[in-house]
Amino acid sequence: MTKKWWHGKVAYQIYPKSFYDTNGDGIGDIRGIIEKLDYLKELGIDIIWISPIYQSPFVDQGYDISDYYEIDPKFGTMEEFDELLLEAKKRDMGIVMDLVINHCSSQHEWFQKALADPEGEYGDYFYFRKGKDGNPPSNYRSYFGGSAWEKVEGTEFYYLHFFAKEQPDLNWNNPKMKQELFQMINWWLEKGVAGFRIDAIINIKKDPTFPSYEPDGPDGLVRATKMVEEVDGVGELLEELKEAAFEKHQAFTVAEVFNMKEEELEEFVGENGHFSTMFDFSAHMLTFGEHGWYDGKEVEFDTWREITFRSQKRCEGIGFLANIIENHDEPRGVNTYLPSYAQNIDGFKMLATVNILLRGIPFIYQGQEIGMQNCRMAGIEEYDDIDTKNQYRTAIEAGLSREEALEVCYRYSRDNARTPMQWSGDAQAGFTTGTPWLKVNPNYRQVNVEDELKEKDSVLNYYKKLINLRKSEEYKELFTYGSFEPAYPEKEKIYAYYRSLDGKKVLVASNFGENSMGLELEGHNEKLLLYNMDEPEVSEGKLLLRACEAVVLEVR
């Protein structure tokens, strides 16, 4: 494998609206990110991915971009962004922007011109189609519910939107539109960004005939991804994107990819793949319900272990995955992947251990490093997320009571990850001196950065040790390039694996069960590298793992 500059790095996702507010308006800003760069450097972060800060009406939290070349005033100015790039570079850190190019905002100049003339030049930047017998052109259901086609008032035309109606899909069959996007991407790379996280990119390939399919629900619609799964040729578009922009700048790219065909893995993230890496969503997909959040499933340990191990083995020898336990579109990982008895400090450290030391690029989401958890809201009005409101309504329509529907939102809402970062035990968790845009989790007095920096055995200080081990001179090659091999798969509730390279072998072992479990070790000359509780019991080739215990040791 050819070594790249981003190999062995640790990344951190910032959701800027909720990270740190310096001007008291209740919304996080670029100045807040600058002020916290030293905190991130001390944590061990090399790459910072910032969710969208472009100009936007914020129908979908900035994923509806009205001007790709402007910073939204909510977050600051372009001059402050340039300062952020400079300050990050001083600390040997790279800034990764969010790239949203499947769709834009309905307020974008292109779309406004398209509405004025759907059959004109800018109309072809999007997908305008005439309806059929008074109905939309086809029966696609958008990601946020309802038809993916929106009628243009006073005309026969509908336009396509896989997401909200305020997020019209861009037509990647149009060469001029593509060139405008490529020009914009190069502009940011020339400015000095290290790369991009690429949003919903698999959706860019459409079948321009837009065939209808057999409905998969009582609404007579079919999920929009059905067409994505049926159509071929997205790779040609992705390769064009890489060659036109990413490749010439040696940009780091991490893709959000669902619905990829199994055989396309190497094409996507192999040695000469479309992207540097892509997120491993295999675990997150275990939570999906058949009809919505209301029939979502609890994550079963055995299934979770099996699917994450399979993901690791599948990518070995091909490329790297980006490993996560949560992001801005998911609830908090400690609530999702830990049983109730393990939702404590030891359990948080255990989950971190098995995730951060996997083969791939670790991505830490803001607040994960201090053990931030889901936030219970008093009512649906306390939620801000468009998808949460849609899912709440879907649950009510399916017969759930308001209390039951609210419980579903507590388990699955994206706002669980979007509550303000908990910096201290002061008012509003030290996030703002004003009124925060979204409710602060009431547990901030017990869970916050300021206190955890002082506590030797805090979750935060454990994350520092974990990242330091991964990047240490003695073990960084092993944890970056070493092989992955499941260990003790027959042991109930044991999540364990080996990382090996050039004769060096490290065991990462954890106990997700309620009872202690003994493991027979290979050899009799073990070296303890890290553990999340008191010093573990290792003697005569045996390791005793207590409930919620994680141990990392070199076996010889």
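I looked up where helix H5 sits: H5 lies across strand E5 (94–99) and strand E10, running at about 135° to E10. Contact here means heavy atoms within 4.5 Å. Angles run from 0 to 180 degrees between N-to-C directions, and axes are lines fitted to C-alpha atoms, for helices over the stretch in contact. Helices (H or I, at least four residues) and strands (E, at least two) are DSSP runs, numbered from the N terminus.

I noted that this is a predicted model, where local features need pLDDT of at least 70, side-chain atom pairs count only at pLDDT 80 or more, and totals for chains, interfaces and linings use all residues. Residues are numbered from 1 along each chain as its sequence is written, and side-chain values use heavy atoms, with hydrogens and water left out.

Next I checked H3 (residues 78–90) against H5 (residues 175–191). Their axes come within 11 Å and cross at roughly 55°. That makes H3 oblique to H5 (under 35 degrees is roughly parallel, over 145 roughly antiparallel, 65 to 115 roughly perpendicular, the rest oblique). From H3, Met-78, Phe-81, Asp-82 and Leu-85 meet Trp-187, Trp-188 and Lys-191 of H5.

Then I followed the strands. Eight of them close into a barrel, in the order E1-E2-E5-E10-E12-E13-E14-E15, with parallel pairing. Strands pair if DSSP finds at least two bridges between them. Neighbouring strands of this sheet are turned by 25° against each other on average, direction ignored. Phe-196 has Thr-253 in E12 as its bridge partner.
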